[in-house]
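Please keep the sequence and the model in view while going through the numbered points.

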Amino acid sequence: MSEPKIIGILGAGRVGTAIARRALAAGYEVRVASSRPASDIALVLQFTAPGAVAADASDVIAQSDVIVLALPLSKYRSLPADQLAGKIVIDTMNYWAPTDGTLTEFEGAPSSSEVVADYLTGARLVRSFNHMGYHEMDGEARPAGDPDRRAMAVAGDDAQARSIVADIIDRMGFDPVDAGRLANARDFAIGTPVFGAPLGRHDLQAALRAPLAA
Ligand SMILES: NC(=O)c1ccc[n+]([C@@H]2O[C@H](COP(=O)([O-])OP(=O)(O)OC[C@H]3O[C@@H](n4cnc5c(N)ncnc54)[C@H](OP(=O)(O)O)[C@@H]3O)[C@@H](O)[C@H]2O)c1
């Protein structure tokens, strides 16, 4: 695949618009959809992510090189698996029963992304952006080489997709850290020391190598 130019985001809330702003700042074209018609979110996007284009989900998926899932995990089964097959898909969604409600398939699951990947058959699923708060994504972005640059883990079974997502993260202002296979996403899930922690590249690399019980 040539270098991605258009980032599509499913979810126009806190995380979706934060990622949209970072992607726009990095020079990407950005399309955003929610579960409602594009016309319902177009006006608010002018304020929350100026420059992002509101579109219906099927158009966002068809037109974008990389798709970001920034919707509540409780809604993942509304995603069109057939349209996402073959696409690079970044899963930011966390399972948090107090807001998602109890979802039996995620209770005790090793990582929520593996459940999502099973549903999105054929998608080139990459796990990232889930361990940083939406409210930090604007203020914590830094140019490459800045000593205070925050790091983001990237896990997925498709090495090329992981590498493409890592480049996007780098352009957006964070140091990507390759966590390897999708199963390793459990190392930066909710409840791990990495989740929400302000780690730079070396500390994140060390934390991902550490046993989970540490
Ligand atoms: N909050 C954080 O700091 C944080 C950090 C990392 C990851 N996350 C994860 O990011 C996801 C979004 O969190 P958030 O805090 O941004 O939630 P949010 O502010 O409630 O936004 C969720 C967005 O998803 C849209 N949506 C709902 N169903 C959809 C569907 N079927 N297709 C497309 N869009 C849909 C909602 O709009 P409509 O209901 O109008 O469609 C809304 O725009 C969650 O899975 C969360 O675990 C959150």
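Does Arg-162 count as buried, partly exposed or exposed? The points below begin with that residue; please note that the model is a predicted one.

1. Arg-162 counts as buried, because its relative accessibility is 13% and the limit for that class is under 20%. Its side chain meets that of Asp-178 in a salt bridge, with 2.9 Å from N to O. The pair links distant parts of the chain, since Asp-178 belongs to strand E8 and Arg-162 to helix H8, 16 residues apart. Asp-178, by contrast, is exposed, with a relative accessible area of 52%.

2. Salt bridges that share partners also join Arg-149, Asp-170, Asp-175 and Arg-201 into one network. In the whole structure, the search finds 14 salt bridges.

3. Glu-3 is exposed, as its relative accessible area is 55%, whereas Arg-171 counts as partly exposed at 36% relative accessibility.

4. Arg-186 and Glu-114 form a salt bridge through their side chains, at 3.5 Å from N to O. Arg-186 lies in the loop between strand E8 (175-180) and helix H9 (201-209), while Glu-114 lies in helix H6 (residues 112-119), so the pair ties together parts that are 72 residues apart in sequence. Both residues count as partly exposed: Arg-186 has 31% relative accessibility, and Glu-114 has 21%.

5. The largest nonpolar core has 33 residues, of which Ile-7, Ile-9, Val-32, Phe-129 and Met-172 touch the most other members. Among the elements that give two or more residues to this core are strands E1 (6-10), E2 (29-33) and E7 (151-156), together with helices H1 (14-25) and H8 (159-172). The largest share, 6 residues, comes from H8. Apart from this core lies another, of 23 residues, including Ile-61, Leu-69, Tyr-95 and Val-115. In soluble globular proteins generally, nonpolar side chains tend to be buried together.

6. Leaving aside residues up to four places away in sequence, Ile-7 touches several residues, among them Ala-23, Tyr-28, Val-66, Val-68 and Ile-168.

7. Which residues form a nonpolar patch on the surface? They are Trp-96, Ile-190 and Phe-195, with about 260 Å² of accessible area together. Trp-96 is placed in the loop between strand E5 (88-91) and helix H5 (97-100). Trp-96 counts as partly exposed because its relative accessibility is 45%.

8. Asn-94 is also found in the loop between E5 and H5. Its contacts, apart from residues up to four places away in sequence, include Ile-190 and Phe-195 as well as Leu-73 and Asp-100. The side chain of Asn-94 makes a polar contact with the side chain of Arg-127, at 3.1 Å.

Conventions:
Residues are numbered from 1 along each chain as its sequence is written. This is a predicted model: local features need pLDDT of at least 70, side-chain atom pairs count only at pLDDT 80 or more; totals for chains, interfaces and linings use all residues. Side-chain values use heavy atoms; hydrogens and water are left out. Patches are made of residues with over 30% relative accessible area and no salt bridge: like charges are joined within 9 Å, nonpolar side chains (Val, Leu, Ile, Met, Phe, Trp, Tyr) within 5 Å. Accessible areas come from the Shrake-Rupley method with a 1.4 Å probe; for residues, only the protein chains shown count as cover. A salt bridge is a side-chain nitrogen of Lys or Arg within 4 Å of a carboxyl oxygen of Asp or Glu. Helices (H or I, at least four residues) and strands (E, at least two) are DSSP runs, numbered from the N terminus. Buried means under 20% relative accessible area, exposed over 50%, partly exposed in between (1.4 Å probe, protein chains only). Contact means heavy atoms within 4.5 Å. A polar contact is a pair of N or O atoms within 3.5 Å; within protein, one must be able to donate a hydrogen and the other to accept it, and residues adjacent in sequence count only if both atoms are side-chain atoms. A nonpolar core is a set of buried Ala, Val, Leu, Ile, Met, Phe, Trp, Tyr and Cys residues joined through side-chain atoms within 4.5 Å.
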